[in-house]
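Q: Please walk me through the labels used for this structure. Set each value against its definition.

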Amino acid sequence: MRQRIYLLIVNTHAHIFAAMNSISNIRQNIFSLSQTKFGGEIGVNQSMISRWESGELEPSLSDMTAIRDLAKRRGVDWDDGLFWESAA
């Protein structure tokens with residue numbers, strides 16, 4: 001039983017870690033924007049971007065849609081898989 005709980009905690013932590021790395025990767029390497037400017041482009045404040053990147057919160061579906069729309073506006077070749085991938 002303890003091993004199952006441990007694996008659940010580890011897997012949950014790994015998912016949150018990947019999500020926070022993916023948002024940071026998208027912001028820095030795809031858009032080359034500060035947290036403040038990235039948040040302004042997608043309609044959230046800097047503290048929300050910080051919470052996503054730290055793993056405290058995850059972006060909602062509407063937040064991810066706003067990021068995708070930003071990519072389209074900027075002519076970025078977008079792949080939704082970027083939301084679940086960390087930087088190589």
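A: Start with α2 and helix α3 (residues 46-54). Their axes are 8 Å apart and pack at an angle of about 105°. Axes are lines fitted to C-alpha atoms, for helices over the stretch in contact, and angles run from 0 to 180 degrees between N-to-C directions. The model is predicted: local features need pLDDT of at least 70, side-chain atom pairs count only at pLDDT 80 or more, and totals for chains, interfaces and linings use all residues. Residues are numbered from 1 along each chain as its sequence is written, and side-chain values use heavy atoms, with hydrogens and water left out.

Q: Why is α2 called roughly perpendicular to α3?
A: The angle is about 105°. The classes are: under 35 degrees roughly parallel, over 145 roughly antiparallel, 65 to 115 roughly perpendicular, the rest oblique. So α2 is roughly perpendicular to α3.

Q: Which residues make that contact?
A: From α2 come Q35, T36, F38, G39 and I42. From α3 come Q46, I49, S50, W52 and E53. Contact means heavy atoms within 4.5 Å.

Q: How many of the residues in the contact of α2 with α3 are nonpolar, polar and charged?
A: Four are nonpolar, five polar and one charged. Ala, Val, Leu, Ile, Met, Phe, Trp, Tyr, Cys and Pro count as nonpolar; Asp, Glu, Lys and Arg as charged; the others, Gly among them, as polar.

Q: What makes α2 and α4 roughly perpendicular to each other?
A: The axes of helix α2 (residues 35-42) and helix α4 (residues 61-73) come within 9 Å and cross at roughly 95°. That angle puts α2 and α4 in the roughly perpendicular class too. F38, E41 and I42 of α2 meet A66, I67, L70 and R73 of α4. By class, this contact has five nonpolar, no polar and two charged residues.

Q: How many helices and strands are in the chain?
A: There are four helices and zero strands. Helices are DSSP runs of H or I with at least four residues, strands are E runs of at least two, and both are numbered from the N terminus. Read along the sequence, the pattern is α-α-α-α.

Q: Why is the pair of F31 and F38 called tilted?
A: Rings of Phe, Tyr and Trp (its six-membered ring) pair if their centres lie within 6.5 Å; planes under 30 degrees apart are stacked, over 60 edge-to-face, the rest tilted. The centres of F31 and F38 are 5.7 Å apart and the planes stand at 35°, so the pair is tilted.

Q: What makes the pair of F31 and W78 stacked?
A: F31 and W78 are 6.4 Å centre to centre, with 25° between the planes. F31 lies in the loop between α1 (2-30) and α2, and W78 in the segment after α4, so this pair ties together parts that are 47 residues apart in sequence. Three aromatic pairs are found in the whole structure. F31, F38, W78 and F83 form one aromatic cluster.

Q: How do you know whether F31 and W78 are buried or exposed?
A: Buried means under 20% relative accessible area, exposed over 50%, partly exposed in between (1.4 Å probe, protein chains only). F31 has 4%, so F31 is buried. W78 has 17%, so W78 is buried. For the chain of 88 residues, 33% count as buried.

Q: Why does S32 count as exposed?
A: Its relative accessibility is 59%, so S32 falls in the exposed class. S32 lies in the loop between α1 and α2. Its phi is near 50°, a positive value in a residue other than glycine. Most residues other than glycine have a negative phi.

Q: Why is D69 called partly exposed?
A: D69 has 32% relative accessibility, hence the in-between class. D69 sits in helix α4. D69 and E41 are 28 residues apart in sequence and 9.8 Å apart in space, C-alpha to C-alpha.

Q: What puts M48 among the partly exposed residues?
A: M48 has 25% relative accessibility, which makes it partly exposed. M48 belongs to helix α3. M48 and Q35 are 13 residues apart in sequence, and 8.9 Å apart in space, C-alpha to C-alpha.
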